[in-house]
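This report walks through one protein model, from overall fold to individual charged side chains. Have the chain open in a viewer while reading.

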Amino acid sequence: MGLESVEHQDLTMSKTTANLRPEIKKRIAQIECMTLVQNQEVMMDCVSERSAGRMTTCEGNALRRALNKRVGILRQDLVA
């Protein structure tokens, strides 16, 4: 992925997260330092919350992007 696409992705992410509730923003910040197991637990919690209607689609998508980004970082650390 080139620098332009990373910058575009960051810009898109910041636009999307601007409209989120503070609790969701806090969870995204916490995801950035989680282990893979913790990441999986959060993912399952998100599925439950989304199914129960306690989370909007936008919030679920923002958390999913943060979780996927963290998995990518963890994958890079394993390969390096």
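Does Arg27 count as buried or exposed, and at what relative accessibility? Arg27 counts as buried, at 18% relative accessibility. Buried means under 20% relative accessible area, exposed over 50%, and partly exposed in between, with a 1.4 Å probe and protein chains only.

## Basis of the model

This is a predicted model: local features need pLDDT of at least 70, side-chain atom pairs count only at pLDDT 80 or more, and totals for chains, interfaces and linings use all residues. Residues are numbered from 1 along each chain as its sequence is written, and side-chain values use heavy atoms, leaving out hydrogens and water.

## Overall fold

The protein has 4 helices and 0 strands. From the N terminus, the order is α-α-α-α. Helices (H or I, at least four residues) and strands (E, at least two) are DSSP runs, numbered from the N terminus.

Of the 80 residues, 26% count as buried. The accessible surface is about 5800 Å², and carbon and sulfur atoms hold 58% of that. These areas come from the Shrake-Rupley method with a 1.4 Å probe; for residues, only the protein chains shown count as cover. Among contacts with a separation of 6 or more, 65% join residues 24 or more positions apart. A contact means heavy atoms within 4.5 Å.

## Nonpolar core

The largest nonpolar core has 12 residues. They are Leu20, Ile24, Ile28, Ile31, Met34, Val42, Cys46, Met55, Ala62, Leu63, Ala66 and Leu67. Such a core is a set of buried Ala, Val, Leu, Ile, Met, Phe, Trp, Tyr and Cys residues joined through side-chain atoms within 4.5 Å. Helices H2 (22-31), H3 (36-52) and H4 (57-79) each give two or more residues to this core. H4 gives the most, with 4 residues.

## Helix H4

H4 has 23 residues. Its first and last C-alpha atoms are 33 Å apart, close to the 33 Å expected at 1.5 Å a residue. The expected span is 1.5 Å times one less than the number of residues. The buried residues of H4 are Glu59, Gly60, Ala62, Leu63, Ala66, Leu67, Arg70 and Leu74.

Ile73 is also in H4. At 34% relative accessibility, Ile73 counts as partly exposed. Ile73 and Glu32 are 41 residues apart in sequence, with 9.3 Å between their C-alpha atoms.

## Salt bridges

Side chains of opposite charge can pair when their charged atoms come close. The whole structure holds 3 salt bridges. A salt bridge puts a side-chain nitrogen of Lys or Arg within 4 Å of a carboxyl oxygen of Asp or Glu.

Glu23 pairs with Arg21, with the closest N and O atoms 3.0 Å apart. Glu23 is partly exposed at 42% relative accessibility, and Arg21 is partly exposed at 34%. Arg21 also forms a salt bridge with Glu59, where the closest N and O atoms are 2.6 Å apart. This pair links distant parts of the chain: Arg21 is in the loop between H1 (3-17) and H2, Glu59 is in H4, and 38 residues separate them. Glu59 counts as buried, at 6% relative accessibility.

Glu49 and Arg27 meet in a salt bridge at 3.1 Å, N to O. Glu49 lies in H3 and Arg27 in H2, so the pair ties together parts 22 residues apart in sequence. Both Glu49 and Arg27 are buried. Shared partners join Arg21, Glu23 and Glu59 into one network.

Arg27 is found in H2. Leaving aside neighbours within four places in sequence, Arg27 is in contact with Val42, Asp45, Cys46, Glu49, Met55 and Leu63.

Arg70 sits in H4. Beyond neighbours within four places in sequence, Arg70 is in contact with Ile31, Glu32, Cys33, Met34 and Asn39.
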